Amino acid sequence: MDNEFKPALIIVDLQEDFCPPASLFMLAPFFRNGALAVAEGRSIAPIINDLLRLPFVKKIATKDFHPPDHVSFASNHPEPHNKPFTSFVTIPNPNNPNETHTSRLWPIHCVQGTPGAELIPELDTSLVDLVIEKGQDSRVEMYSAFEAPFRHPIVKEASSKLAQSLREAGVTDVFVVGLAMDYCVQSTAIDAVAEGFKTYVISEATKAVDPTEQGWKKTEKECDKAGVKFIALAGEELAKVRSMQDV
């Protein structure tokens, strides 16, 4: 076994507001469509639970955890440019107004202290080592579980300290799953590469806002360009993780 191989699992935003209603046959606390429900988003929980039973050296779940005045909420912007899904806003770096980021506006979602911000009950959180709450700085959008999308300089107030947690555990490789593949999973995976980790997205353990083949291939191409590899559950990369159980 490669002594330098120390994999981590990052479960991105498997929260109520990103999932369709729970089955009436399941013991969920409420049965409603999430504010930003990703089609079949809840269905990946059993796959992720199986992954959580593998010997990853670090198992981290992330949560969108927004204040009510968050910049991504369409309702926090003046008309007529405040339509969820179709309106966009240009956000300046709070520490450098010359650096900006254009982002889509969304319905209110994953507000701190609300049921929609909770991890879904189907996820076995007893197997999770750490839960990181991101997106708490109302001034910036934050799809990535690492940082806001600014680099000149990084917005330290918004940093999740995820990279630090991974480095403290000696992590070399990062496996990313969760929601949504074409937003927060993609951004998290790309930032993981930028932080120096070999990074993989497990195809069967994520769902996309745009589930079409064209949308999936577009995101996969962007990830590949950044150095992120899409892999299958039966692939050699996860076989290497499983083999750690035999050491």
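A: Helices (H or I, at least four residues) and strands (E, at least two) are DSSP runs, numbered from the N terminus. This is a predicted model: local features need pLDDT of at least 70, side-chain atom pairs count only at pLDDT 80 or more, and totals for chains, interfaces and linings use all residues. Numbering runs from 1 along each chain as its sequence is written, and side-chain values use heavy atoms, with hydrogens and water left out.

Q: Fine. Where does Tyr143 lie?
A: Tyr143 is in the loop between β5 (130–134) and α2 (162–168).

Q: Is Tyr143 buried or exposed?
A: Tyr143 counts as buried, because its relative accessibility is 17%. Buried means under 20% relative accessible area, exposed over 50%, and partly exposed in between (1.4 Å probe, protein chains only).

Q: What does Tyr143 touch?
A: Leaving out residues up to four places away in sequence, Tyr143 touches Ser103, Arg104, Trp106, Lys134, Tyr183, Cys184, Ser187 and Thr188. Contact means heavy atoms within 4.5 Å.

Q: Which side chain makes a polar contact with Tyr143?
A: Trp106; the two side chains are joined by a polar contact of 3.1 Å. Such a contact is a pair of N or O atoms within 3.5 Å; within protein, one must be able to donate a hydrogen and the other to accept it, and residues adjacent in sequence count only if both atoms are side-chain atoms.

Q: Now rings. How many aromatic pairs are there?
A: Rings of Phe, Tyr and Trp (its six-membered ring) pair if their centres lie within 6.5 Å; planes under 30 degrees apart count as stacked, over 60 as edge-to-face and the rest as tilted. By this rule there are six aromatic pairs. In one of them, the ring centres of Tyr143 and Tyr183 are 5.4 Å apart and the planes are at 75°, so the pair is edge-to-face.

Q: What does the Tyr143 and Tyr183 pair tie together?
A: Parts that are 40 residues apart in sequence, because Tyr143 lies in the loop between β5 and α2 while Tyr183 lies in helix α3 (residues 181–194). Tyr143 and Tyr183 are both buried.

Q: Which residues form the aromatic cluster?
A: Phe85, Trp106, Tyr143 and Tyr183 form one cluster.

Q: Back to the loop. What does the side chain of Ser160 reach?
A: Ser160 is in the loop between β5 and α2. Its side chain reaches the backbone oxygen of Phe146 at 3.2 Å. The side chain of Ser160 also reaches the backbone nitrogen of Leu162 at 3.2 Å. Ser160 is buried, at 14% relative accessible area.

Q: And Asp64, buried or exposed?
A: Buried, with a relative accessible area of 3%. Asp64 sits in strand β2 (residues 58–64). A polar contact of 3.2 Å joins its side chain to that of His66. Beyond four places in sequence, the contacts of Asp64 include His109, Cys110 and Lys134.

Q: Switching to helix α5. Which of its residues are buried?
A: In α5 (residues 236–243), the buried residues are Glu237, Leu238 and Val241. Seen down the axis of α5, they fall within an arc of 90°, so they line one face of the helix. That arc is of the directions from the helix axis to the C-beta atoms.

Q: What do they pack against?
A: The buried residues of α5 pack against β1 (7–12), α1 (45–52), β6 (173–179), β7 (198–207) and β8 (229–231).
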